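Here is a short briefing for a first look. Start with the structure itself, then read the points below.

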Amino acid sequence: MAVLRRITRPLLATPFVIEGVRALRRPLPLATGTGSLARHLGAPVDDPLRVVRLNAAVQIGAGGLLALGRLPRTASLVLAASLVPATLAEHAWWKEEDPRLRKDQFLQFAQRIGLFGALLLGAADTHGKPSAAYRARTATTRGRRKAHRAATRAAGHVHAAVDTVGSGASAAASGTGRAMHSAAGSARAKLPHQ
């Protein structure tokens, strides 16, 4: 499986690096789509060129990390997040009037959805190791068990201490009682008899 990961990560990262470089070289067509998409969503952007360049830089950086196998899960999530606005701005097939262009845009859109799914799989890949959530649950369960065992041992020690103190107190009271009985007997013996 490790060999498969070493092959698939660069393959998955390649379109994003190429797309990022292309967007940095020619940001104007993408900026037009980004501006209209932002207005349509009700969040107008002051500088769509800057947004396109930022998204391109994110795609190049995260694509490079994924290709090198550095922080692959995080890089996959970042690429998936950067893919959504780029796809909606670039491949809005529902806006096309020409049937041929609409079909081409729809195919591009479908390919982007496939890339999005592959990135989600890459983000979920734990390299055969348990996930962080599993490790946290396991650690919590182990902690509870250790705390329960420690509380049980402590209760046993407290019970033994109470028994020891109780038997010591009983012996002390018994000894005190005998000493008082003996002192009372001595005092009676010294008293004149009537």
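Is Thr-32 buried or exposed? Thr-32 is exposed, because its relative accessible area is 54% (buried means under 20%, exposed over 50%, partly exposed in between, with a 1.4 Å probe and protein chains only). This is a predicted model, in which local features need pLDDT of at least 70, side-chain atom pairs count only at pLDDT 80 or more, and totals for chains, interfaces and linings use all residues. Residues are numbered from 1 along each chain as its sequence is written, and side-chain values use heavy atoms, leaving out hydrogens and water.

**Overall make-up**
- The protein has six helices and zero strands (DSSP runs numbered from the N terminus: helices are H or I with at least four residues, strands are E with at least two).
- Along the sequence, the pattern reads α-α-α-α-α-α.
- Of its 194 residues, 22% count as buried.
- The accessible surface is about 13,700 Å² (Shrake-Rupley method, 1.4 Å probe; for residues, only the protein chains shown count as cover).
- Carbon and sulfur atoms hold 65% of that surface.

**Around Thr-32**
- Thr-32 sits in helix 2, residues 28–41.
- Thr-32 and Leu-49 are 17 residues apart in sequence, and their C-alpha atoms are 8.4 Å apart.

**Helix 4**
- Helix 4 covers residues 72–90, which is 19 residues.
- Buried residues in helix 4 include Pro-72, Leu-79, Leu-83 and Glu-90.

Methods
The expected span of a helix is 1.5 Å times one less than its number of residues.
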